[in-house]
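Visitor: Could we go through the charged pairs and the surface of a protein model together? I shall ask as we go.

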Amino acid sequence: MAYEKALDILSEIFGDNLSRSSSDLELHGRSEAHFAIAAPDAVVYVNSLEDVKNLITVCYEQECPVIAWGTGTSLEGHTLAPRGGVSVDFSQMNRVLEINSDDMTAIVEPGVTREALNEELRATGLFFPVDPGANASLGGMAATRASGTTAVRYGTMHDNVLSVSVVLSDGRYIETGNRAPKSSAGYDLTSLFVGSEGTLGLITQLTLRLHPQPEAISAGIVAFDDMDNAVSAVIQTIQLGLPMARIEFVDAATAAAFNNYAKADMAEVPHLLFELHGSTDNVSDSAEIFNDICTDHGGQDFQWSSKTEERTSLWAMRHKAYYAVLASRPGSTAVITDICVPISKLGQAIAETREDISQSSLQGPIFGHVGDGNFHAILLIDPNSKKEKAEAMRIGDEMAKRALSFGGTCSGEHGVGMGKLKFMEAQHGAGWDVMDQIKRQLDPLNILNPGKLVRQN
């Protein structure tokens, strides 16, 4: 085996924290989406910065690939090991190191999940807002520049990571920023590593921006006869500047999936799910204005509530949308799309995507964060059908090309991994070459998550 010497050395250093069991290898080589299993040669469970430095030093000397792994919930094959090597499992580096309420910051290790951090913050009056559907690790969320339902108000990981600590491919350790609210001192290294998908270094610590819990929160749901009217209502709402923290779209097929999976009682038509944050009076007034907007656009059965349990139930259902859709075709897997377009092009992008799916033989429910122009079609396929996968990939490719032609992006929040590599040159042009040059400078041996994000080499 090409990396046997590296694995022998690592086994001496890590002992029982290095695993080569078939179950561990399969877990760390499996994807949430349509990708085939690509297992590493070993899994190392790290507990500290020194562990990461020691591992990287050995792998650099032996030219052994290193793939960071948080919770394994990424959707574009980020954590797969197509060239073998070592999967670095950060799940045991899961400590909240510091909460500074005055500065509204938290320092965490990369294995802390978003839900665990917010549990720690419950008594502080603060919270961390970025909420992808899965209970992902914060290191993984930073590495993929993740977002979620609250991005329309609070931004993505790009907006909420102040600094990361990183071990580079040759073992050097750097801190990319500090806790100051702003800085103009040199290149923005934090932004470089947020979204780098483990191709430039391994994140060992993060300093995060926290936000105050709003005085009042109300959430609700409203039905529409067609998608165009729902999207038009969203556009008007955003243009009026209502204090929307979340504004999500689900189509009729997704509503049906919710009914079956979560025992919901939704009319099988398009819906908007929304949440308002602010003062008590502002939230109440804004809900009434939003009701008027929706009514003007054909909205029906407008419901909203400030009760915690009802809000929690609504968003728990939304966060399980992917699994609800999968369950609507038992035994299926999915090609998951993730485009983002300017808000002015959102209605056209959804309508044309819907038309593409309707002309195919596939089921493809659509939902997403329409408040910031981001939506997903979940193209369900038989995992054993090459024909269905090819058809799904074709539809996904058309969606990405359409997004680029509209001035948008092939990936709004899921990242590039292996799945979106084919669109990077069209989206970035010579900028993709610059990314490759940065990769070669920081990782000259190409050991950090090879085959992802930049040109395959």
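Guide: What follows covers the salt bridges and then a surface patch.

Visitor: Before that, what are we looking at?

Guide: This is a predicted model, in which local features need pLDDT of at least 70, side-chain atom pairs count only at pLDDT 80 or more, and totals for chains, interfaces and linings use all residues. Residues are numbered from 1 along each chain as its sequence is written, and side-chain values use heavy atoms, with hydrogens and water left out.

Visitor: How many salt bridges does the count come to?

Guide: The count is 22 salt bridges, where a salt bridge is a side-chain nitrogen of Lys or Arg within 4 Å of a carboxyl oxygen of Asp or Glu.

Visitor: Which residue forms a salt bridge with Lys53?

Guide: Glu50 does, with the closest N and O atoms 3.9 Å apart.

Visitor: Is Glu275 buried or exposed?

Guide: Glu275 counts as buried because its relative accessibility is 3%. Buried means under 20% relative accessible area, exposed over 50%, and partly exposed in between (1.4 Å probe, protein chains only). Arg246, at 11%, is buried as well.

Visitor: What about Asp251 and its salt bridge?

Guide: Asp251 is paired with Arg354, the closest N and O atoms being 2.8 Å apart. Asp251 sits in the loop between β13 and α10 (252-262) and Arg354 in helix α14 (residues 346-358), so the pair ties together parts 103 residues apart in sequence. Asp251 is buried at 2% relative accessible area, while Arg354 is partly exposed at 23%.

Visitor: Let us change topic. Which residues form the nonpolar patch on the surface?

Guide: Tyr187, Leu189, Leu192, Val434 and Ile438 form it, with about 480 Å² of accessible area together. Patches consist of residues with over 30% relative accessible area and no salt bridge, like charges being joined within 9 Å and nonpolar side chains (Val, Leu, Ile, Met, Phe, Trp, Tyr) within 5 Å. Accessible areas come from the Shrake-Rupley method with a 1.4 Å probe; for residues, only the protein chains shown count as cover.

Visitor: Where is Tyr187 found?

Guide: Tyr187 is in the loop between β9 (173-175) and α8.

Notes
Helices (H or I, at least four residues) and strands (E, at least two) are DSSP runs, numbered from the N terminus.
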